[in-house]
Amino acid sequence: MSIYSRRQFLGGMGALGAAAAYPGAWATSATPSGLSTDEVLGLEAQTTGFSNPLRLPGTSGLFGVLPATDFKEVHVVRSEIEVLPGQRTPVLAYAVESGGKTFLNPALLARQGDQMRVKLVNRIDQPTVIHWHGLSVDSRNDGNGLHVVAPGQQMEYAFTVRDRSSMYWYHPHAHGMIPQQAYHGLASLLFVEDDDEAALRKELALALGESEIPLVLQDKEFDAQGRLQYTPSPAQSFGGWVGSRLMVNLTERPVLKAERRIVRFRLLNGSNARSYRLAFLQQGRALGFYLAGTDGGLLAQPVRIDQTFLSPGQRLDVLVDFREAQAGRPVTMASLPFDPMHQEGGHDMGAMDHSQHGAVHGAAAPAAMAMEGDARALMRIDLAPSGTPYDRRLPARLSSLAAPLEPGGTPRRMRLGHDDQGHWTINGGVFDHATVALTVQRGARATWLIENAERSMPHPMHLHGFSFRVLERLGSPDQIRPLAGARGLLPQDLGVVDTLQVWPGESVKVAIDFSHPHSGDQDYVFHCHTLEHAEAGMMLRYQVKA
Ligand code: C2O
Ligand code: CU
Ligand code: CU
């Protein structure tokens, strides 16, 4: 941690622990989590030079919005886009032709019940496959990498979108290629709309790209020509690749103009390995906001918070009422400092990464060596008065989501660890795509206890095929406990999730319903969404027996 020492940071957390009740109880005026007003002001000051308009979903091109039923083919291609102003960056992309227009990495719109029929055409020189992250589809359409599409080959997807309203995403899943291909650009969004979702959009008068903004958080490295660098050292191949250049929707140092009204942000952490501790800051203070939904859609009620962690693979649906902010002053979306807890096997991976970044950047200024957990501004939001009078209020009820049922029986233990040969393990095993490591019965309601080792790294564990509910969090570290309520649960644990951050020393109990409408045995994977960890073994194949 370059700006705040770990000691300073933990000291701050201690003080917070005494003050915090349940998340949501915090006053809008408080400085967040033991940061001094000066530290918050310092974070806000980082945005002074921000000047690039945030890339927004348009009607074509990169990130264009496209109904999921309006195209027949998606081509995986090499392309070039302007990521950094004035430079062409070679990328990998999903290219789609529709209605005479070309889309790159389109943001897809689907309605619950839609039939997706799309042919993947692999036009790059590596195997690839599309995985629809968070959608509950049969194993053939899941694109989990047990079958991949060779260069020049094709694959047909055909499935019904059965999931709740939410922002899902799609990305590659050919084992051995996942971190490189995702990092080089293969990732985009898929929105599913149901009746609750339509009601909320109407109630708050939300319009995608205006008052409803998808935000994809990523961290990259570039060379002087603007080419993406992905050159993990052995330690980074194990610990995770963290870039020093933070991007929102592939915009570095972005500015968003927003009206003083309720604005909805739909966040995806699309980074390979970096987590963020998200907050909205103005004039030395944290602006309270509302968590409205998680990976798998809307919560039952909005929960007021002033910060939240966001781990690789996770999505959050957040409502900020900018009428609570002061007019005429910008708001900063930031990642607050935290301890990344890179403490695998007794040595501090964080410290190790620091020296390596030093080597990568040579004589670069310390600011360019910022690491995971450092205080970083992500985006400046310039506020303008609402053009039309806005008097909408947040609804008290967002969806009919029921409290999770707790199945009886002894939970199945899923132990996260590592061996001494540089592999991450689940229950002592390293991923083997040919081996079914675990079977469950179709229709079973199971509890899993996901246990992370004490000296370890955080692992955002992701289940294919089924989203799940979080029942209890035990043994949370000092920086997490103050954010938790009953049973140690964080606000984001109250929703439907498909990716769950498990911090070192934690045991998290989850409930999974393995019911599905598909016929035959179904094969899926369960893995860490720190993409390098998955490649280094932290993935297992499981089978749902018909
Ligand atoms: Cu988003 Cu298997 O992953
Ligand atoms: Cu997935
Ligand atoms: Cu991991």
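User: Which strand holds V303, and is V303 buried or exposed?
Analyst: In this predicted model, V303 has a place in strand β21, residues 297-305. Buried means under 20% relative accessible area.

User: What is the C-alpha to C-alpha distance between V303 and V318?
Analyst: In sequence, V303 and V318 are 15 residues apart. In space, their C-alpha to C-alpha separation is 9.6 Å.

User: What is the relative accessible area of H131, and which residues does H131 touch?
Analyst: Not counting residues up to four places away in sequence, H131 touches D142, G143, W169, Y170, H171, H173, H462 and H464. H131 and H462 are both buried. For H131 the relative accessible area is 1%.

User: Which residues coordinate the copper ion (ligand 3), and what spacing do the donors follow along the chain?
Analyst: H459 (ND1), C528 (SG) and H533 (ND1) coordinate the copper ion (ligand 3) at 2.0 to 2.1 Å. H459 in strand β30 and C528 in strand β34 (residues 522-528) link distant parts of the chain, 69 residues apart. Both of these residues are buried. Along the chain, the donors follow the spacing H-x68-C-x4-H.

User: Where is H533 found, and what is its relative accessible area?
Analyst: H533 is found in helix α8, residues 531-535. Leaving aside neighbours within four places in sequence, H533 has contacts that include F238, W424, M457, H459 and C528. H533 is buried, and its relative accessible area is 0%.

User: How many cavities of 30 Å³ or more are there, and what is the volume of the largest cavity?
Analyst: Rolling a probe the size of a water molecule over the atoms shows where empty space is left. The count of cavities of 30 Å³ or more comes to eight. The volume of the largest cavity is about 180 Å³.

User: Which element gives the most to the lining of the largest cavity?
Analyst: Among the 15 lining residues, N105, A187, V216, Q218 and L250 lie nearest the centre of the largest cavity. Domain 1 (37-49 + 203-384) and domain 2 (61-193) each give at least three residues to this lining. By class, the lining has eight nonpolar, five polar and two charged residues. The element that gives the most, with three residues, is β13.

User: Where does the largest pocket lie, and why?
Analyst: The largest pocket holds about 650 Å³ of space. Of its 26 lining residues, S467, F468, R469, V496 and D513 are the closest to the centre. The lining divides into 13 nonpolar, seven polar and six charged residues. Because both domains give residues to the lining, the pocket lies between domain 2 (61-193) and domain 3 (412-545).

User: Which strand supplies the largest share of the lining of the largest pocket?
Analyst: At least two lining residues come from each of β31 (468-474) and β33 (507-513). The largest share is three residues, and the strand that supplies it is β33.

Note on methods. Residues numbered from 1 in each chain as written. Chains lettered and ligands numbered in written order. Predicted model: local features only at pLDDT ≥ 70, side-chain atom pairs only at ≥ 80, totals over all residues. Heavy atoms only, no water. Buried < 20%, exposed > 50% of the residue type's maximum accessible area, 1.4 Å probe, protein only. Contact = heavy atoms within 4.5 Å. Helix = DSSP H or I, 4+ residues; strand = E, 2+ residues; numbered from the N terminus. Donors = N, O, S within 2.8 Å, 3.2 Å for Na, K, Ca; no water. 1 Å grid on protein atoms, 1.4 Å probe; cavity = no way out; pocket = protein on both sides within 12 Å on 5 of 7 lines; lining within 4 Å. Points joined across faces, edges and corners; volume = space filled by probe spheres on them. Nonpolar A, V, L, I, M, F, W, Y, C, P; charged D, E, K, R; others polar. Domains from an automatic or database assignment.
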